[in-house]
Amino acid sequence: MTGRAMDPLPSPAVAAAAEAEADEEADPPATGPRTSQVTEWRALDPGRMQMPQGNPLLLSYTLQELLAKDTVQVELIPEKKGLFLKHVEYEVSSQRFKSSVYRRYNDFVVFHEVLLHKFPYRMVPALPPKRVLGADREFIEGRRRALKRFINLVARHPPFSEDVLLKLFLSFSGSDVQHKLKEAAQCVGDEFMNCKLAARAKDFLPADIQTQFAMSRELIRNVYNSFYKLRDRAERIASRAIDNAADLLIFGKELSALGSDTTPLPSWAALHLSTWGSLKQALKGLSVEFALLADKAAQQGKKEENDVVEKLNLFLDLLQSYKDLCERHEKGVLHKHQRALHKYGLMKRQMMSAAHGREPESVEQLESRIVEENVIQTMELRNYFSLYCLHQETQLVHVYLPLTSHILGAFVNSQIQGHKEMSKVWNDLKPKLSCLFAGPHSVLTPPRSPQEDGVCPH
């Protein structure tokens, strides 16, 4: 939070200051080239958005509308080898802005910092951890996926999507994007100072907001725990498909190696020389079918990773950001408000003691009391605005809940398509096994199934 955001002001003064600051941003003075550049990048600033109709506390978005806001791709580009370190860069492409820019992990870090600075009462998703020494490809790929989830959640978040910071990050192609982001964040205060409704947030809150907040927090905690377990199981299913692919490939290679064996048969086994030769030729050819089976199993595993596991991770990232927001509310503005009230109570007791002693209140004491009262009023307004934002973020989480049906649909379709393709390859493979089975009188017959022999499978 900026120093300006914490200036002690009474309720009317805070409202006036917020409105004045918003008006000032709407028509910035032309003081030079630097101001004009900043003005150009503020085209999407929410401080100049029109006042919402009806109750501004209520969100009217659907999941499809949020997903349609933007789709951002984050892809790895070849590593640049420095003198001592290798730098990983990402190509970040936005459909909405029709842009493609290069970003490094530290650029994401600065973007995350300024976003959290400007929107302390909103769900800002967490970033994946920094690169550890000796990080392997699996770690780098996992971080790429996490960065992609982060930027898509941000790009689809209603207040973030209309903010100058997002446009800067997704479309500014210069080399000093970190400086541009910090410069843009320093030009204005946080959302509380820019929102015209901040001073009246209490008027829109339901009377039982604290009870609703506690119930919503408990519900989302339970949903998070369940989705966490679902994600773990989905990861195991996808991992088994990939392991199955590796096993099928090795199985086929071993059959090929057996068919390619050139060890001569001993003389006493010469009677079966032609049979063994036919078997080897057939085994050698089966490796192609098993390689195809392995490829189908690997495709199914990758599809489950991308369509099921990643969507579960996206929703988990959103839920975790809500949990983090709840903690920031309790440990941040609410704690500061309570601390200010406690400090003011102590000061009042000291002044009352001085009054009993008939000591006149000094100018310094009077100024201190006025300052404390203004601080408490400002913190109280911030507390209500934080609850206002929390109420909206809770609605946003519920807008994302239908993503569950998307995830289940993707999982079912993946299983159907994967088993269908695998079944086709297995059925194509079965006729090619006929030459492996030699029956009586040198007639080649495959083994009969238990049902064909009239034997109960049990």
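Welcome to a predicted model, in which local features need pLDDT of at least 70, side-chain atom pairs count only at pLDDT 80 or more, and totals for chains, interfaces and linings use all residues. Residues are numbered from 1 along each chain as its sequence is written, and side-chain values use heavy atoms, with hydrogens and water left out. Helices are DSSP runs (H or I, at least four residues), numbered from the N terminus.

**Helix α4 and its partners**

- Helix α4 (residues 105-118) and helix α7 (residues 164-171) have axes that come within 10 Å and cross at roughly 170 degrees; axes are lines fitted to C-alpha atoms over the stretch in contact, and angles run from 0 to 180 degrees between N-to-C directions.
- The two helices α4 and α7 are therefore roughly antiparallel, a label for angles over 145 degrees.
- On the α4 side, D107, F108, F111, V114, L115 and K118 make the contact, and on the α7 side V164, L165, L166 and F169 do; contact means heavy atoms within 4.5 Å.
- This contact of α4 with α7 has eight nonpolar, no polar and two charged residues (Ala, Val, Leu, Ile, Met, Phe, Trp, Tyr, Cys and Pro count as nonpolar, Asp, Glu, Lys and Arg as charged, and the others, Gly among them, as polar).
- With helix α5 (residues 137-155), the axis of α4 comes within 12 Å and crosses at roughly 35 degrees.
- Y105, F108, F111, H112 and L115 of α4 meet R143, L147, F150, I151 and V154 of α5, giving eight nonpolar, one polar and one charged residues.

**Helices α11 and α15**

- Helix α11 (residues 209-259) packs against helix α15 (residues 403-429) at an angle of about 15 degrees, with the axes 13 Å apart.
- That makes α11 roughly parallel to α15, the word for angles under 35 degrees.
- From α11, F227, I237, N244 and L248 meet T404, I407, F411, Q415, M422 and W426 of α15.

**A cavity**

- There are four cavities of 30 Å³ or more in the structure; a cavity is a set of points on a 1 Å grid over the protein atoms alone where a 1.4 Å probe fits but cannot get out.
- The second largest cavity has a volume of about 40 Å³, volume being the space filled by probe spheres set on the points.
- M123, L153, H157, L318, S321, L396 and Y400 line the second largest cavity; lining residues have an atom within 4 Å of a point.
- Helices α12 (273-331) and α14 (363-400) each supply at least two residues of this lining.
- The lining of the second largest cavity has five nonpolar, two polar and no charged residues.

Conventions: Parallel < 35°, antiparallel > 145°, perpendicular 65-115°, else oblique. 1 Å grid on protein atoms, 1.4 Å probe; cavity = no way out; pocket = protein on both sides within 12 Å on 5 of 7 lines; lining within 4 Å.
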